[in-house]
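The report below is meant for a reader who meets this structure for the first time.

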Number of protein chains: 2
Amino acid sequence: MELYVRNTTELANLLRDYGITATLQRVEIAGILLSKKQHLSAEQVMGKVNQGRSIVSKATVYNTLRLFAKKGLVKEVIADPTKIFYEPKTESHHHFYNVDTGELTDFNADLKMTDIIPDAPKGMMVKGVDVTIRVGAA
Amino acid sequence: MELYVRNTTELANLLRDYGITATLQRVEIAGILLSKKQHLSAEQVMGKVNQGRSIVSKATVYNTLRLFAKKGLVKEVIADPTKIFYEPKTESHHHFYNVDTGELTDFNADLKMTDIIPDAPKGMMVKGVDVTIRVGAA
DNA sequence: TATTTGTTTAGACTGTCTCTAAATAGATAT
DNA sequence: ATATCTATTTAGAGACAGTCTAAACAAATA
Ligand SMILES: [Mn+2]
Ligand SMILES: [Mn+2]
Ligand SMILES: [Zn+2]
Ligand SMILES: [Zn+2]
């Protein structure tokens, strides 16, 4: 996944590459989320995409993010008990989740998954480590 | 944590060991959750503790589970995007999360965290692996 | 043009969880 | 024991993320 995609045509092509029909709304949402490495909740995407004006409805934001995730264009992160985060970085990696701020921070466990617990960001303490493997019918 | 605790006096003592004032409601909730290895949502605890009759209020169930977790008597599992699960098994371990059924299954990564992704339960496919380390102010 | 198919939409609704302010219970002081 | 203080429980309202529905709209096809 090439990040920092801005151009509309480029975005539309990218969507098609992932088997997603490019629509105005989808390009807008992709433009927001793929613009840089970040973790955004659906509500945050909603806010950014509709700066003032009203371009995309709530239902479409939720549906689109789910569609993007299903197609492998973005990644869903289940770490905050109150909301799902979406991010453009699809390579396998893991997160620090700050329970105080709700902030997510990436960390890579290149080798073989995680055979060590990486150091916590300075000033931070590891409050808990969760490994969750999601499985479904084969 | 000794599982299968049933006796009321035993439960009350256990709560005190964890710095929790033993009340009728707390003992009832502990009796449910500590009776065996399981992963229960707050709503499920609510249902089990108030079989027919009405013994413990919703607010108390939620507050008590959070208190138990804070005191280290039970473990919170953030894996399902819609609810938190609570379990009596406090030793470090990880979970399979079935996205179809929402079911949680334990697995131990004894060595050093997880340097391997364990095999999925038969008939199941690994849909995603998440390692989440929760951090807070040191 | 007519029809079909896919997408978007407003807004009602759901489920989990939180908050509040009052009632109750338990502990402490006199 | 009685009064006082503190901790706990409670009903029910409310917050909030997310879902659903049925209609509108758009795009593609016949
Ligand atoms: Mn929630
Ligand atoms: Mn949710
Ligand atoms: Zn990430
Ligand atoms: Zn478990």
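## The surfaces near the DNA

Helix H4(B) gives the most to the surface near DNA strand C, with three residues. The model is a predicted one, and the distances below should be read with that in mind. DNA strand C is surrounded by 17 residues, and the closest of them are Thr23(A), Gln25(A), Thr60(A), Lys58(B) and Ile84(B). At least two residues each of this surface are supplied by H2 and H4 of chain A, and likewise by helix H3 (42-49), H4 and strand E3 (83-87) of chain B. By residue type, the surface near DNA strand C divides into seven nonpolar, six polar and four charged residues.

Of the atoms of DNA strand D that come within 4 Å of the protein, 73% are accounted for by sugar and phosphate. H4(A) gives the most to the surface near DNA strand D, with three residues, and the residues of that surface comprise seven nonpolar, six polar and four charged ones.

| Protein residue and atom | DNA atom | Distance |
|---|---|---|
| Thr23(A), polar side-chain atom | phosphate oxygen of DNA strand C | 2.5 Å |
| Arg26(A), polar side-chain atom | phosphate oxygen of DNA strand C | 3.2 Å |
| Ile55(A), backbone N or O atom | phosphate oxygen of DNA strand C | 3.0 Å |
| Lys58(A), side-chain N or O atom | base oxygen of DNA strand D | 2.9 Å |
| Tyr62(A), polar side-chain atom | phosphate oxygen of DNA strand D | 3.2 Å |
| Thr23(B), side-chain N or O atom | phosphate oxygen of DNA strand D | 2.4 Å |

The elements that give two or more residues to the surface near DNA strand D are H3, H4 and E3 of chain A, together with H2 and helix H4 (58-71) of chain B.

## The build of chain A

Chain A holds four helices and six strands, and from the N terminus on these elements follow the order α-α-β-α-α-β-β-β-β-β. Of the 138 residues in chain A, 45% are buried. Among the contacts in chain A with a separation of 6 or more, 42% are accounted for by residues 24 or more positions apart. The accessible surface of chain A comes to about 7,200 Å², and 50% of that surface belongs to carbon and sulfur atoms.

In helix H3 (residues 42-49) of chain A, the buried residues include Ala42(A), Val45(A) and Val49(A). Because these residues cover an arc of only 60° around the axis, they lie on the same side of H3(A). In an α-helix there are 3.6 residues a turn, so residues three or four places apart point the same way. The packing partners of the buried residues of H3(A) are helix H2 (24-33), strand E1 (40-41), helix H4 (58-71) and strand E3 (83-87) of chain A.

In H2(A), Val27(A), Ile29(A), Ala30(A), Ile32(A) and Leu33(A) are buried, and their cover includes helix H1 (8-17), E1, H3, H4 and E3 of chain A.

## Two loop residues of chain B

His39(B) is placed in the loop between helix H2 (24-33) and strand E1 (40-41) of chain B. Is His39(B) buried or exposed? With a relative accessibility of 15%, His39(B) counts as buried. Its side chain is joined to that of Glu87(B) by a polar contact of 2.8 Å, and a polar contact of 3.1 Å joins the side chains of His39(B) and His95(B). Leaving aside residues up to four places away in sequence, His39(B) touches several residues, including Gln44(B), Val77(B), Phe85(B), Tyr86(B), His93(B), Leu104(B) and Asp106(B).

Leu73(B) is found in the loop between H4 and strand E2 (75-80) of chain B. Leu73(B) has 0% relative accessibility and therefore counts as buried. Leu73(B) and Leu14(B) are 59 residues apart along the chain, and their C-alpha atoms are separated by 8.9 Å.

Definitions and conventions
Residues numbered from 1 in each chain as written. Chains lettered and ligands numbered in written order. Predicted model: local features only at pLDDT ≥ 70, side-chain atom pairs only at ≥ 80, totals over all residues. Heavy atoms only, no water. Buried < 20%, exposed > 50% of the residue type's maximum accessible area, 1.4 Å probe, protein only. Arc of directions from axis to C-beta. Contact = heavy atoms within 4.5 Å. Areas by Shrake-Rupley, 256 points an atom, 1.4 Å probe, with all protein chains shown as cover. Polar contact = N/O pair within 3.5 Å; in protein donor to acceptor, adjacent residues only side chain to side chain. Near = heavy atom within 4 Å. Nonpolar A, V, L, I, M, F, W, Y, C, P; charged D, E, K, R; others polar.
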